[in-house]
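Try each task before reading its solution.

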Amino acid sequence: MVIAIGFEGSANKLGIGIIQDQHVLSNVRHTYVTPPGEGFLPRETAQHHRKHILNVLQQALNDAKVSLKDIDVICYTKGPGMGAPLTIVALVARTIAQLYNKPMVAVNHCIGHIEMGRLITGSENPTILYVSGGNTQIIAYTRQRYRIFGETIDIAVGNCLDRFARLLKLSNDPSPGYNIEQLAKKGEKLALLPYVVKGMDVSFSGILSYIEEHFPKWLNTKEYSSEDLCFSLQETVFAMLIEITERAMAHVGSNEVLIVGGVGCNERLQEMMNVMCKERNATLYATDERFCIDNGVMIAVAGLLQYKSKGNTPWTQITCVQRYRTDSVHVSWRK
């Protein structure tokens with residue numbers, strides 16, 4: 001029985017999780033929440049992580065009923081993500097590893113989402129839609145790599161939603177995307193927004209620019225309410241994502257879809273994807289906010305798989321990389 005601890009802090013969520021083989025012992029998270037209309041910047045986010053990380057670590061250990069001496073391997077997020085927050089969390093993980101003479105594993109954040117999603121849902125070989133604040137990718141596995149079949153060519157879908165929430169001055173608590181989702185449930189009129197699918201790739205920045213340009217007129221004339229715009233944005237961007245997911249499924253002959261990443265919590269996205277899956281006699285797999293939002297458990301899960309298959313990461317490679325491609329990782333634990 002191997003106990004692994006995972007440290008995650010690539011963006012505004014600070015998470016530490018502990019697992020024993022495939023059993024989750026603890027999953028503690030603390031989110032940096034900014035005032036309405038504001039995003040989170042690297043320096044302030046890093047200060048938040050530095051302030052709270054020891055308390056989050058202690059709570060994770062208490063919940064799991066273990067001590068640091070009981071930990072067998074320490075896993076941390078190497079990237080992708082924001083440089084300063086990544087570095088703070090990696091520094092703490094590395095210090096603990098040296099103090100207690102424990103092996104370390106550097107984990108790709110995206111791979112963490114995928115492997116934890118597969119573990120929690122029990123999906124075998126799904127086509128993966130990875131949607132978050134910093135990433136939007138369509139992924140499928142082959143030959144010990146997670147291959148990217150399509151992705152955003154500018155900003156991520158989560159970033160698009162976050163910036164739209166700032167335009168409406170929506171609260172960032174618990175997250176901008178969640179508050180957009182709640183308003184969208186009250187929307188009735190569909191505004192025609194740009195629909196930008198280019199082959200297997202998508203683009204969201206033009207949609208955002210279009211809304212920003214027309215926003216004052218829409219509100220002044222009361223042509224569309226805030227609820228209508230939230231509804232319209234969700235319907236448009238989610239339809240784009242489902243189109244390229246279905247195309248990837250057809251290409252690889254898949255009958256499973258797994259949605260991972262923070263935006264994957266959105267019930268409307270899951271509902272729309274489920275309609276497509278039923279039409280193809282496919283199965284949809286998704287998780288709730290405990291696991292789809294950035295967390296330490298996913299880093300522990302992916303790190304432990306890596307550790308069992310090819311050992312720990314050499315000390316010279318215990319670094320952080322802001323741009324760390326999903327398809328650059330050798331997936332040694334899968335055939």
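**Exercise 1. Which side chain does aspartate 294 meet in a polar contact with histidine 109, and where does aspartate 294 sit?**

Step 1. The side chains of aspartate 294 and histidine 109 are joined by a polar contact of 3.2 Å. A polar contact is a pair of N or O atoms within 3.5 Å; within protein, one must be able to donate a hydrogen and the other to accept it, and residues adjacent in sequence count only if both atoms are side-chain atoms.

Step 2. Aspartate 294 lies in the loop between α9 (289-292) and α10 (296-310). Helices (H or I, at least four residues) and strands (E, at least two) are DSSP runs, numbered from the N terminus.

This is a predicted model: local features need pLDDT of at least 70, side-chain atom pairs count only at pLDDT 80 or more, and totals for chains, interfaces and linings use all residues. Residues are numbered from 1 along each chain as its sequence is written, and side-chain values use heavy atoms, leaving out hydrogens and water.

**Exercise 2. Find the strand that holds tyrosine 130, then decide: is tyrosine 130 buried or exposed?**

Step 1. Look in strand β6 (residues 127-131) for tyrosine 130.

Step 2. Its relative accessible area is 0%, so tyrosine 130 is buried (under 20%; exposed is over 50%, partly exposed in between, with a 1.4 Å probe and protein chains only).

Step 3. The side chain of tyrosine 130 also makes a polar contact of 3.2 Å with that of asparagine 135.
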